[in-house]
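Please look through the sequence and the model shown here before reading on.

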Amino acid sequence: MADIAKLVEELSQLTVLEAAELAKALEEAWGVSAAAAVAVAAAPGGAVDAPAAEEQTEFDVILTGDGGKKIQVIKEVRAITGLGLTEAKALVEGAPKAVKEGVSKAEAEDIKKKIEEAGGTVELK
């Protein structure tokens, strides 16, 4: 059996990127998930905090309704997306639909603000 203290010392010298690569390699080699191992390890003690959730970096802007101001919302959707009149009208009438996907939080908030000012309702996912 390997010397545990020596192994711990070597693992302590890994950078964060190297540790992440090691975890991924072990997951693939053993067919397990590190998240599952943490959950199983935390279960007996019960006092271990869950790992912090990562902050979302990409958002989808979903038009949920036109708020009775379809024409203004269509104009705003056209300005935001660059779609033609027919496509923008179809998007607004087919709500709930994604206006933009995979955008930054700042851009998503800006799009939401513009559509809501035009009278529409928006949801960020």
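Along its sequence, the protein chain follows the pattern α-α-α-β-α-α-β-α-β. This comes to six helices and three strands, where helices (H or I, at least four residues) and strands (E, at least two) are DSSP runs numbered from the N terminus. The model is predicted: local features need pLDDT of at least 70 and side-chain atom pairs count only at pLDDT 80 or more, while totals for chains, interfaces and linings use all residues. Residues are numbered from 1 along each chain as its sequence is written, and side-chain values use heavy atoms, leaving out hydrogens and water.

Of the 125 residues in the protein chain, 17% are buried, meaning under 20% relative accessible area with a 1.4 Å probe, protein chains only.

How do α4 and α6 meet? Q72, V73, E76, V77 and I80 in α4 contact I111, K114, I115 and A118 in α6, contact being heavy atoms within 4.5 Å. The residues of this contact divide into six nonpolar, one polar and two charged, with Asp, Glu, Lys and Arg counted as charged, Ala, Val, Leu, Ile, Met, Phe, Trp, Tyr, Cys and Pro as nonpolar, and the others, Gly among them, as polar.

Definitions and conventions. Buried means under 20% relative accessible area, exposed over 50%, partly exposed in between (1.4 Å probe, protein chains only).
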